[in-house]
Amino acid sequence: MPAAEEIAPLPVPEPTEGRAVPRRVWGGALLQSGGRLFAAACTFATLALLARQLEPASFGRYTFYLAVFALLDALTDFGTGAAAVQRSSTQPERMATTLVTARRLRRRMAGFGALAVAVALVFLDEPDWPFVLLATLYQFTHGLELSATVYKNAVRWKVPVLARCAAALARLVFVAALLGLGVTSAGLHLVATALGSSLANGMLHLAARRHLPTPEVPTASESAELLRLAWPLGIAAVCQQGYFYLDNLFVRAFAGEVELGHYNGAVRLMSFLLLGAQYASLAALPWLTRRRAAGDGAAAVRLAQPLFAGACFAMGILAPHAAGLLGLGFGDEFRGAGPALVWLLGAVAVVHVGAVFVTAAVAFGATRSVLAIALTALAWNGALNWLAVPRFGIAGAAAATLATELFVTIGAALALSRHGAVLLGERPWAWALGPLAFGAGLLVGQWMPGAELPWAGP
């Protein structure tokens, strides 16, 4: 850690921002989206290689554990990322103690997650269990990733985006190298994937060191305060990852590992298409927090409306080409997941509203409401998958995902209303642009070569 006089803190925008969404928020979202495009291309290439080189059941297991690791990521974070931004974006002097406390909590949660995986592997017949357990250790590097808080508060995303791109490229290189050596073990490829993520976390910390304050020992009250702020967000994040990936358990149990691999091909495409929602809401968290302090209850609406309309138009174009996209990316055997992908495209459009509203609820301090929504959504998703997957297979799982995202969006809207947000007070007509844009996109998509009738499934 450099000496105190060498520290070069990044400038944080003053809380005098106007009501319009700042260019820095849109710029941050665009920069992150560009980085995500590169990272997604690398991830897509990685999955495409593995889909063609691994046995179908082995590829299904690989994607299953990717879902498990996504859940572990949320568990290790345990709300500390958002809590650190919320706490330090308006009180920069608390950055040092915030980071120390958050890193300490992340290490504990990473240990808990690794122990949980180890216990589960004792009862599961997993052929690659030593490698799966080894791969979980990358969770301990998430404490280093907290250094990105200085960039988040300043809404300067260049370094975090470069780190994400480096991680994706490293994962692709490592997996390609293993395949070149003839390695077809799903577990070893999981280790390669985890290694790429660990390297990126380390690089991000090294780049941010000169902007970090000198570490300070937090008081017991400061640690307790961060924990009170983080734990509802942490449990909510675990539940959010849970209801996003819970269908993997039902698909694996009722449809088998081969269909699980096909379904997760569609889920990976969905994840790629969520970049606008993820990064616009992430980039906007400090701004939304400051707008809340200024008494602006409609800031989330001004951000969500154009995102929703744009996402609906894009999903309408893609819907008639769902099967073709899966076949092109992963092989013709994946085309059967086309109906599932159509349902997931609908979920993508909804998430572009829901992600903003949930982030705004965090900025408003409605963390208990976010937790209640996530817990209820997890139970709702489990019930829907229990009913739909045995009858409709992977299309039923995808339909359950869409219904769950609708539930979350409505719940977040109600929570914001209770905290003073005015969701229909500004340009209520703009919400109608979403369905209209979807219809327009669908017409455009059906005129394009290779279009197929998308309406299938439950």
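This is a predicted model: local features need pLDDT of at least 70, side-chain atom pairs count only at pLDDT 80 or more; totals for chains, interfaces and linings use all residues.

Let me begin with a definition: a residue is called buried under 20% relative accessible area, exposed over 50%, and partly exposed in between, using a 1.4 Å probe and protein chains only. By that rule F78 is buried, because its relative accessible area is 13%. F78 lies in the loop between α2 (56–77) and α3 (80–88). Helices here are DSSP runs of H or I with at least four residues, and strands are runs of E with at least two, numbered from the N terminus. F78 also has a positive phi of about 50°, although it is not a glycine. Most residues other than glycine have a negative phi.

Residues are numbered from 1 along each chain as its sequence is written, and side-chain values use heavy atoms, with hydrogens and water left out.

I turn now to the salt bridges. A salt bridge is a side-chain nitrogen of Lys or Arg within 4 Å of a carboxyl oxygen of Asp or Glu. How many salt bridges does this rule give? The count comes to four. One of them joins R106 to D77, with the closest N and O atoms 2.5 Å apart. This pair links distant parts of the chain, since R106 is in helix α4 (residues 95–123) and D77 is in helix α2, 29 residues apart. R106 is buried, with a relative accessible area of 2%.

Which residues are linked in a network of salt bridges? They are R61, R252 and E257. Between R61 and E257, the closest N and O atoms are 3.6 Å apart. R61 belongs to helix α2 and E257 to helix α12 (residues 257–273), so that pair spans 196 residues. E257 also bridges to R252, where the closest N and O atoms are 2.8 Å apart. R61 is buried at 18% relative accessible area, whereas E257 is partly exposed at 21%.

Finally, consider two helices. The axes of helix α14 (residues 299–318) and α19 come within 6 Å and cross at roughly 25°; axes are lines fitted to C-alpha atoms, for helices over the stretch in contact, and angles run from 0 to 180 degrees between N-to-C directions. That makes α14 roughly parallel to α19, a term for angles under 35 degrees. Thank you for your attention.

Conventions. Angles under 35 degrees count as roughly parallel, over 145 as roughly antiparallel, 65 to 115 as roughly perpendicular and the rest as oblique.
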